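Q: Please take a close look at the contact between the two chains. Which parts make it, and how do they sit in the rest of the model?

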Amino acid sequence: MLNRELLGPSLFLALFTLYAIVAWQIPLLPFEEFETVTSATLPKVYAAFGIIVCLLSIGATLLKPTAAVDEDNVLEKSHVLRTTGLLILMVIYSAALEPIGFLISTSAFLLVGFFVMGERRKAILLLASIPVTVVFWFLMTQVLGIYLVSGDLWS
Amino acid sequence: MFDGIMLGLSTVLDWNNLLYVIVGCFVGTFIGMLPGLGPITAIALMIPITYSIGADSGMILMAGVYYGAIFGGSTSSILINAPGVAGTVASSFDGYPLAKQGHAGKALAIAAYSSFIGGTIGAILLMVAAPLLAKVSLSFQSPDYVVLMFLGLTAIAAFSNKGQFLKAMMMTVFGLMLATVGIDPSSGTERFTLGQADLLDGISFLLVAMATFALAEALINVVRPEKKETKSINDSDTPQIGSTKLTKEEIKDIAPVIGRSSILGFIVGVLPGAGATIASFMAYATERNLAPKGLKEKFGKGSLRGLAAPESANNAACTGSFVPLLTLGIPGSGTTAIMLGALIAYGIQPGPMLMQENPSVFWAVIVSMYFGNIVLLILNLPLIPYFAKVLAMPKSILTIMILFFSLIGVYLVSFNTFDLFMMVGFAVVALVLRLLAFPMAPLLLGFILGDMIERNFRRSMMISDGSLSFLWERPLTLSIFVISILVLLFPLKDFISQRRADKAVLKAKQEHA
């Protein structure tokens with residue numbers, strides 16, 4: 001299995017290599033052909049430098065005589081699941097904001113979010129979601145005059 | 001300078017701006033007190049609001065949030081041994097033992113007075129240093145800016161935590177790469193847009209700042225909750241606040257410490273990449289070394305000097321970090337990098353011309369620092385027991401609120417849901433990188449400086465006819481370049497000594513076996 005210390009530099013190495021491939025394919029405009037600095041110059045420099053740093057990091061990790069196990073970094077399954085739930089919720093909220101509008105989507109986002117975080121008291125679930133959304137909506141639209149989407153499906 | 005101060009005063013004394021200083025300090029204190037949330041998150045959350053209030057007021061608000069967050073971090077360090085901000089970790093060494101001994105009020109008062117004096121000395125030094133440096137920097141040319149920005153990027157990597165240099169460098173390069181996405185402003189060529197029209201304008205700085213700090217910090221607290229032994233403010237054995245009065249002897253004892261640490265903190269704060277954390281640790285170590293034998297042993301067990309030193313140093317360093325931002329347009333830390341991004345978003349180019357082109361912004365920020373420090377002292381100190389209740393706020397509510405404000409903050413600026421999807425994507429990447437112990441500030445700094453580096457690099461190359469000789473043609477450029485290289489080589493020393501230590505441990509283990 002890939003060592004934790006090697007995982008980061010390896011991911012970056014893959015990313016920087018991909019970036020380098022795209023950087024070398026940046027099309028040059030006719031007038032750029034004879035210029036020393038083009039739109040591809042610094043991306044190529046960054047890619048090369050990044051790859052060197054990754055290789056140095058991988059080399060330094062492999063040369064380490066001892067690999068200490070960091071117990072603090074072991075994640076609990078329930079925490080990972082909760083985080084994944086929140087990420088999915090954010091994606092759904094982003095997708096729902098314009099079709100169903102700010103008021104409904106935000107109230108639902110807050111309510112479900114509190115639930116995912118382990119809040120089960122009905123009073124808190126309701127009071128911390130719907131009134132907060134309405135107050136925020138009022139402040140934005142009526143006080144500050146900022147437009148908040150009302151929902152493409154209803155308009 | 002007098003005219004400038006008067007201009008700053010007239011700007012800050014406007015009722016709206018005065019209100020922003022107070023609100024900024026309050027909001028900053030509130031967010032800074034929450035374990036795991038620091039000034040960068042606090043400022044990132046404020047950016048969408050500042051877009052609607054103008055540059056002067058926006059910068060005043062953000063500066064207030066900055067000091068407030070540092071002050072708030074001290075409160076949670078002292079009361080529950082859970083620093084909300086890295087810059088106040090050193091404050092918990094003696095602040096928490098003092099609170100446990102029943103002197104929480106005294107510890108908080110020392111923190112408030114030290115912060116106030118540190119911040120005020122810092123503001124006076126800033127008032128003198130910034131215009132002088134701004135004048136000098138008028139002679140700076142593109143090559144000087146290229147090497148200065150290079151110095152900023154290498155310094156933030158070199159001064160990152162021990163053993164993190166290469167990780168910080170990778171993050172810096174990643175930030176620079178993100179800055180290249182979009183249409184190249186010089187030639188009009190599309191770069192790294194993956195055919196997405198939404199990426200033609202590049203990636204919004206607000207999106208990156210919110211995703212990597214606000215969202216990632218909220219999520220990291222969910223995926224890896226704080227394991228450190230901390231006490232809730234509601235626990236029965238939580239230290240009582242008690243009296244906030246100091247005796248004459250105590251004031252006499254800590255006064256020189258505050259003076260020394262403030263100056264040290266300011267100088268460290270001015271250096272790119274250093275900032276409040278290094279300043280507070282350096283001040284703590286310096287005062288421990290300077291203390292007479294009897295007092296030296298008290299460090300770590302509730303020493304008043306041990307608390308006053310980091311508190312004054314971190315506030316002075318916060319002020320000092322504004323010097324390179326306001327005079328050179330180069331941020332020395334993640335927090336000032338966010339402020340630079342906000343300034344650029346207002347259409348203001350920070351740097352040597354800022355003082356001439358936008359004197360009201362320049363002086364208002366400096367003068368607002370005095371007011372911010374006064375607000376923190378006279379309003380926050382009596383309110384500490386009430387602020388402390390914040391620490392009892394349910395995490396479930398807080399986390400979701402941060403996620404909501406981050407998402408809606410970005411949406412209210414762009415009104416584009418593509419940005420929200422991209423933001424979640426960035427938050428996932430930032431979360432994974434944080435779990436792998438990659439620092440975030442270098443990424444943000446690289447991202448914000450990327451565009452400026454490219455523009456100045458092109459100009460320098462054109463001036464020197466396509467040759468890199470611009471790096472050594474002028475003594476100033478050469479000096480900064482040499483310093484950058486030395487800073488880049490600085491972590492090598494740590495690496496070699498660490499390798500020797502590791503080998504020695506391994507050898508000892510083998511012999512033992």
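A: In this predicted model, the contact takes 54 residues from chain A and 49 residues from chain B. H3(A) supplies the largest share, 12 residues. By class, this side of chain A has 33 nonpolar, 14 polar and seven charged residues.

Now chain A itself. Chain A has six helices and zero strands. Along the sequence the pattern reads α-α-α-α-α-α.

The overall dimensions of chain A come next. Its radius of gyration is 25 Å, whereas a compact globule of 155 residues would have one near 15 Å. Along the principal axes, the C-alpha atoms of chain A fill a box of roughly 60 × 55 × 25 Å. Buried residues make up 23% of the 155 residues in chain A. Take the contacts in chain A between residues at least 6 apart in sequence: 58% of them join residues at least 24 apart.

The largest nonpolar core has 198 residues. Within this core, B:Ile43, B:Met210, B:Met423 and B:Leu444 touch the most other members. Helix H5 (residues 89-137) of chain B gives the most to the core, with 21 residues. Chain A takes part too: the core draws at least three residues from each of domain 1 (4-73) and domain 2 (77-143) of chain A.

Neighbours within four places in sequence are left aside here. B:Leu444 is then in contact with B:Gly175, B:Val208, B:Ala209, B:Thr212, B:Gly334, B:Ala337 and B:Ile338.

H4(B) is mostly covered, with 26 of its 26 residues buried. Helix H4 of chain B runs over residues 55-80. At 1.5 Å a residue, its 26 residues should span 38 Å, and the end C-alpha atoms are 37 Å apart, so the two values agree. B:Asn81 follows H4(B), and the phi of B:Asn81 is positive, near 60°.

Methods. Residues are numbered from 1 along each chain as its sequence is written. Chains are lettered from A and ligands numbered from 1 in the order in which they are written. This is a predicted model: local features need pLDDT of at least 70, side-chain atom pairs count only at pLDDT 80 or more; totals for chains, interfaces and linings use all residues. Helices (H or I, at least four residues) and strands (E, at least two) are DSSP runs, numbered from the N terminus. The expected span of a helix is 1.5 Å times one less than its number of residues. A residue is buried if 20 or more other C-beta atoms lie within 10 Å of its own, exposed if 12 or fewer, and partly exposed in between; C-beta atoms are placed from the backbone. The radius of gyration is taken over C-alpha atoms; the globule rule is 2.2 Å times the number of residues to the power 0.38. Two residues are in contact if their C-beta atoms, placed from the backbone, lie within 7 Å. Ala, Val, Leu, Ile, Met, Phe, Trp, Tyr, Cys and Pro count as nonpolar, Asp, Glu, Lys and Arg as charged, and the others, Gly among them, as polar. A nonpolar core is a set of buried Ala, Val, Leu, Ile, Met, Phe, Trp, Tyr and Cys residues joined through C-beta atoms within 7 Å. Domain bounds come from an automatic or database domain assignment.
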